Amino acid sequence: MKAIEASNLRKTYSGGVAALDGLSLAVEAGTIFGLLGPNGAGKSTTVRILTTLSRADSGLARVAGLDVVGDAERVRRTIGVVGQRHGLDPDSTGRENLEMQAEIYGVRGAARRERVEQLLDRFGLTEAGGRLAKTYSGGMQRRLDVALGLVHRPKVLFLDEPTTGLDPEARVELWREIQRLAREEEMTILLTTHYLEEADRLAARLAIVDRGRIVAEGTPDELKSELRGDTVQVELLESATGDANAALSGHSGISEVALDGRLLRARVDSGAAAIPSLISALENGGLRVVSATVARPSLEDVYLRHAGRSFQQADRDTKEVAA
Amino acid sequence: MTALRDSWQVALRYIRALLRQPAWVGISLTQPVIWLLLFGALFKRTADIPGFSGSYIEFLTPGVVVMLAMSSAWIGMGFIEDIDRGTMDRLLVSPIWRGALNLGSVAQSVLSLVIQTLIVIGLSLAAGAHFHNGIAGVAVLIGAAGLLGAVFASLSNGIAVLARQRETLIGIVTMATLPLTFLSTALMQQSLLPGWIHWIAKFNPVNWAAEAGRSAIGPDADWGLITTRACFLALLLLASAAFATRAFNAYQRSV
């Protein structure tokens with residue numbers, strides 16, 4: 001059964017910025033699905049459409065079998081949403097935040113009391129429950145956000161960049177909690193992230209989003225194994241785009257050469273064997289090599305291959321457009 | 001039922017937040033006192049103008065109440081904050097009744113206004129004012145102020161959702177409130193207004209509330225006038241509440 005289905009979603013914001021350009025995806029019930037992509041790729045827009053906050057210009061989307069436009073009211077009762085920004089009310093206590101959320105979803109009386117205490121306990125907020133949410137640390141606020149999204153035991157949970165801005169410790173803690181939710185509550189979770197590590201670690205399947213479309217989809221292992229061989233990363237003394245391509249043009253067994261400033265990345269069948277000849281080819285081309293490393297394929301490489309630019313470059317491009 | 005429950009939840013949240021700000025509570029309670037004393041001193045001599053009739057303090061009380069009601073026009077600032085920090089988005093993806101978002105905020109605004117109005121009335125009584133129609137008259141004054149405050153609060157919320165910028169809301173409120181006060185009988189008796197202002201005032205909701213409130217506590221209450229003005233205000237409230245609720249559709253299309 002599919003918990004989330006979207007087909008051919010398109011959305012252009014006023015001002016002509018195309019956020020979604022025919023995005024389609026399907027998420028199996030009871031799994032964690034990751035939407036991975038740089039800032040501005042269209043991940044948040046997708047979540048906003050699937051959670052009934054925004055509407056697509058065209059295309060169809062169903063969540064738990066319900067149309068997000070025609071059946072918006074029922075979709076809202078079925079889903080939990082943890083937005084990119086804090087949804088909590090800083091001027092209420094943690095407990096009051098949860099109580100209001102419970103009331104809105106029709107969880108009242110004894111059931112409300114029980115559920116609120118249960119969530120405070122589960123997210124380690126029992127002691128802080130009586131304090132105003134604005135006095136919480138970043139990690140505590142984020143945990144309260146997630147708790148707010150769970151009050152009514154949703155079937156499908158949307159987490160939009162849940163760990164952005166968290167310190168590493170809080171991030172790992174939240175990862176554990178998300179894994180526990182999927183396992184114990186049999187919830188379908190759609191998670192967006194621009195941390196490759198996060199997608200790799202949490203998602204059973206993931207889709208790479210770039211410029212409003214999905215450019216690759218599969219399990220993290222499937223995506224990585226599409227890339228045979230290893231990645232070689234070479235640091236040059238000076239940046240030299242044309243020279244590097246020329247130096248490596250005649251070299252066999254090297255593919256997908258990409259230069260980003262002084263960093264050269266390339267795919268080879270066997271990294272350890274390729275490095276000596278690669279370095280001498282570069283040095284023969286007049287390029288000084290500072291260091292060279294070999295790595296197994298990562299999601300970074302998957303992204304590079306499908307989006308045609310490195311993740312960092314995509315993030316930078318977005319910031320330049322925004323600025 | 002759900003509509004009421006949802007509105008109450010929203011109102012509860014705003015009321016609680018305000019009560020946690022002692023400075024706000026202090027200012028709201030002092031403001032009516034200052035206004036009544038200040039306007040009382042500033043415009044005291046208007047009672048000496050030929051053509052002015054009746055007691056000055058009895059004339060001024062509804063004027064100050066109406067001006068306090070106009071302060072509700074600032075309520076939209078809370079919505080802008082909610083939008084900025086994501087609280088509004090959380091509510092909009094929940095099954096909460098859309099109308100409750102505005103009505104809850106309006107309820108909080110009207111509650112503050114009623115308390116302020118009671119303070120003004122208490123002070124006026126202490127200053128020797130006489131409320132001619134007893135509790136009924138006072139109730140009408142509070143009702144008229146409440147309706148006007150609810151209209152301003154709803155318009156403010158709707159504008160806040162559409163503009164989503166503090167500067168825009170501040171600009172509009174600043175630009176609108178003073179002219180609306182002066183194009184009414186809030187501070188000057190009708191017989192003393194220039195003809196053209198008198199004419200414009202007929203269409204000014206601030207004037208509707210001032211007229212109804214003033215007539216209700218005056219020596220010869222005109223219940224026909226009070227009813228029509230109350231109806232005008234109620235209709236305007238329906239329209240502005242619908243506007244504030246509809247504004248969310250425009251907001252959701254743009255995010």
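1. Start with A:I254, which sits opposite A:V268 in β13(A). Strands here are DSSP runs of E of at least two residues, and helices are runs of H or I of at least four, both numbered from the N terminus. β12(A) and β13 (residues 263–268) of chain A run antiparallel, joined by 5 bridges; two strands count as paired if DSSP finds at least two bridges between them.

2. A quick word on the model: it is predicted, so local features need pLDDT of at least 70 and side-chain atom pairs pLDDT 80 or more, while totals for chains, interfaces and linings use all residues. Residues are numbered from 1 along each chain as its sequence is written, with chains lettered from A and ligands numbered from 1 in the order in which they are written.

3. Now zoom out to the open sheet in chain A: its 4 strands go β12-β13-β11-β14, with antiparallel pairing. At the edges you'll find β12 (254–260) and β14 (289–295) of chain A, each pairing on one side only.

4. Next, the place where the chains meet. Chain A puts in 23 residues and chain B 21, where contact means C-beta atoms, placed from the backbone, within 7 Å. On chain B's side, α1 (2–19), α5 (87–92) and α11 (223–254) each give two or more residues. The largest share, 6 residues, comes from α1(B).

5. What classes of residue are on the side of chain B that touches chain A? There are 9 charged, 6 polar and 6 nonpolar ones. Charged covers Asp, Glu, Lys and Arg; nonpolar covers Ala, Val, Leu, Ile, Met, Phe, Trp, Tyr, Cys and Pro; the others, Gly among them, are polar.

Methods: Two residues are in contact if their C-beta atoms, placed from the backbone, lie within 7 Å.
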